[in-house]
Amino acid sequence: MACVSFAKLNPPSSSWIGGQQSLPQRSGSSARLATRRVSLPIRAGAYTDELIKTAVSVFFKTIASPGRGILAIDESNATCGKRLSSIGLDNTEPNRQAYRQLLLTTPGLGEYISGAILFEETLYQSTTDGKKFVDVLHDQKIIPGIKVDKGLVPLPGSNNESWCQGLDGLSSRSAEYYKQGARFAKWRTVVSIPCGPSALAVKEAAWGLARYAAISQDNGLVPIVEPEILLDGDHPIERTLEVAEKVWAEVFYYLAENNVIFEGILLKPSMVTPGAEHKERANPETIAKYTLTMLKRRVPPAVPGIMFLSGGQSEMEATLNLHAMNQSPNPWHVSFSYARALQNTVLRTWQGRPENVEAAQKALLVRAKANSLAQLGKYSAEGESEEAKKGMFVKGYTY
Amino acid sequence: MASASLLKTSPVLDKSEWVKGHTLRQPSTSVVRCHPVAPPGLTVRASSYADELVKTAKAIASPGRGILAMDESNATCGKRLASIGLENTEANRQAYRTLLVSAPGLGQYISGAILFEETLYQTTIDGKKMVDVLVEQNIVPGIKVDKGLVPLAGSNNESWCQGLDGLAPRSAAYYQQGARFAKWRTVVSIPNGPTELAVKEAAWGLARYAAISQDNGLVPIVEPEILLDGDHGIDRTFEVAKKVWAEVFFYLAQNNVMFEGILLKPSMVTPGAECKDRATPQQVADYTLSLLRQRIPPAVPGIMFLSGGQSEVEATLNLNAMNQAPNPWHVSFSYARALQNTCLKKWGGRPENVKDAQEALLIRAKANSLAQLGKYTGEGESEEAKQGMFVKGYVY
């Protein structure tokens, strides 16, 4: 794409910017620099146009109207097991299949949901009628996405913090997922304020995300970039803002270093709130103010969409906060990528019974529509159920 | 402002540093889980000038207005004067700057004027303080604070910008004299690489200068000029610009600079001056806006482009092309040569030409004002205005 020239260096201690190679030492000094032009391919992924189109279409209808977000249903089998056991079901494949089928075959879901993040098992699964889930999604005009990380493990040299693994073999895995129909990927790492966070943990989180993003784009998947700053802790909202600004500065710096195309990524941040155990709660307007301040300071407008995680907020909180952030135009689409905040009431309504499926699907639509309205800044809390208001924070939650 | 929790750390933690203000402690026992303890107060750096900085930056980044850069060092000003046959004396510099700041109605198109130190302390030929004239014109006075470019050791014949020594008290004194924004210009050379070293030094110097400026009440204009010199294509400029701005913003963040209280002064993304392929204003706009969208968080209120050797008309056309649709930041101009060129020639050093010269300045200022609003049409432009001003190896 671009031509670069490189020159013989004397002294050769400096490295070049932008695709030039470092050169071996020359013996003897030279007064002039010899220049030579070489063509060096700059990383320009084969999928660039499609990437950008996917990113944009994940949340815009073809007629270009917003009001859509992501349904996150990529719980690992273990985590899905927790969901199922909370309503008295065993963690079996048929049960997981039945639950995901309930969610994905909800009629009209595509009016509010533009993308669904799947776990690997689900990407390759079908409905009980034998229809591939990816096909169900396509028919709903919902883009299939895939969780590609391999989970959190302890980070040596840190303060009991975690790092997210998954880079090994990621390229071939991503290619396979693309073949199966996935068009976006997701990688969730975490940052813990009570544990510091240490500069090491932040650096590792940011670097891992940047590498994953580059590999994803290379294989046709729009990467969702998710450094979750955990809710755990008793810190005030100012501290969250401080940490979030640090984390995102580092993330974007490494994304740039890895030549990730910003027009072809999505972000999945946590909102800027006080810690769950902080004595003062913050109202939606305060959360919106702090979160938008953070975004304006850290997110270049090339990034098309910012899809917030709910991370333990109640269904209603998550909707109210999103609504508060959309009271005036933003330079990027500000929307949702919710798991618990979309699924909680659904799960309780279903209770694992076939006769409850319709009601459960209706419950999903209620939440999806509420968040769609919130994305448009038009949500009103009238008629919300008590279930929807229940907080879902679990201290030390492992996901 | 923010509190932080201090933690007892596990033994292996010698090497980790904390993010923001934590200290590491050697524990007596190892811990399996981290235990938050009662947080002490931690003051986050919050400049006492924060509100004023935001206000000033917004005022400069107001619609239809831009910056008149007239901060030529005495040596450079001498070149301007010599080009119209005048000697480089203080009186002549004073006469010229008087002409510029007194142009009637200038404040309709110009929101800020960058001065050289001499001018900040000067009076007009009528004995009125230059800063007072500007403030009356509704123009914010600014001050060049860097101490120029010198060779960068260990690089490929590249430069670095000096000026951090004593910058804090200097900035405070400038503030007292009436300056409300500062400017620091460093350069990056594509024919010379650029080397990673030169880019890092440029970005770090800018970040340090910006933090010191804000600490002393001055809105920093952040200017890493990627020189026009070279035969590279526009893609190469784009690549280098992306790298430079990524580094600049990373270091600005590390230095806790408040983004709502800075302005940028980038070079537009164009081919090198000696590249055989020229670019249209549309192409320059496309590439430059891509760059901005990929690198500039919307908290930054204003992006005031330098003209760097473009002709007066080119500089205006390119700015106009960038303002054909709303941008998340104010996209405007901070022009020196591209505002002053015709004006200077019209003046020729003669008092009887002052009025015509001021007219010429207003014509260019108005043209760029229209360009900022995306409403410029090229009608009626003079031949003088179309002349390119690129000087190879230009030393500013």
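Let me begin with two residues in chain A: Tyr99(A) and Trp350(A) are both buried. Please keep in mind that this is a predicted model.

How are the rings of Tyr99(A) and Trp350(A) arranged as an aromatic pair? They are stacked, with 5.5 Å from centre to centre and 15° between the planes. This pair links distant parts of the chain, since Tyr99(A) belongs to helix H3, residues 93-104, and Trp350(A) to helix H11, residues 340-350.

Trp207(A) and Tyr254(A) belong to a cluster linked by ring pairs, together with Tyr253(A), Trp204(B), Phe250(B) and Tyr251(B). Over all chains, the count of aromatic pairs comes to 17.

Rings also have charged partners here. In chain A, Arg183(A) lies over the face of Tyr178(A), 3.6 Å from the ring centre. In chain B, Arg180(B) lies over the face of Tyr175(B), also at 3.6 Å from the ring centre.

Next, let's turn to a helix. H12 of chain A runs over residues 357-375, which is 19 residues. From first C-alpha to last it reaches 27 Å, close to the 27 Å expected at 1.5 Å a residue. Which of its residues are buried? Among them are Ala360(A), Leu364(A), Arg367(A), Ala368(A), Asn371(A) and Gln375(A). After H12(A) comes Gly377(A), with a positive phi near 75°.

What about the cysteines? The count of disulfides over all chains comes to zero. Take Cys80(A): the nearest cysteine sulfur belongs to Cys164(A) and is 19 Å away. A disulfide needs the sulfurs within 2.5 Å, so Cys80(A) is in none. Cys80(A) is buried, with a relative accessible area of 0%. Over in chain B, Cys275(B) is buried as well, with a relative accessible area of 9%.

Finally, a few backbone details to look for on the screen. Which residues does a cis peptide bond join in chain A? They are Gly196(A) and Pro197(A), with omega about -10°, and Pro197(A) lies in the loop between strand S8 and H7 of chain A. In chain B, a cis peptide bond joins Gly193(B) and Pro194(B), with omega about -10°. Pro194(B) is found in the loop between strand S8 and helix H7 of chain B.

Chain B also has residues with a positive phi that are not glycine. One of them is Asn138(B), at about 65°, in the loop between helix H5 and strand S5. Another is Asn256(B), at about 55°, placed in the loop between helix H8 and strand S10. Asn256(B) counts as partly exposed, at 32% relative accessibility.

Conventions:
Residues numbered from 1 in each chain as written. Chains lettered and ligands numbered in written order. Predicted model: local features only at pLDDT ≥ 70, side-chain atom pairs only at ≥ 80, totals over all residues. Heavy atoms only, no water. Helix = DSSP H or I, 4+ residues; strand = E, 2+ residues; numbered from the N terminus. Expected span 1.5 Å × (residues − 1). Buried < 20%, exposed > 50% of the residue type's maximum accessible area, 1.4 Å probe, protein only. Phe/Tyr/Trp six-rings, centres within 6.5 Å; stacked < 30°, edge-to-face > 60°. Lys NZ or Arg CZ within 6 Å of the ring centre and 35° of its normal.
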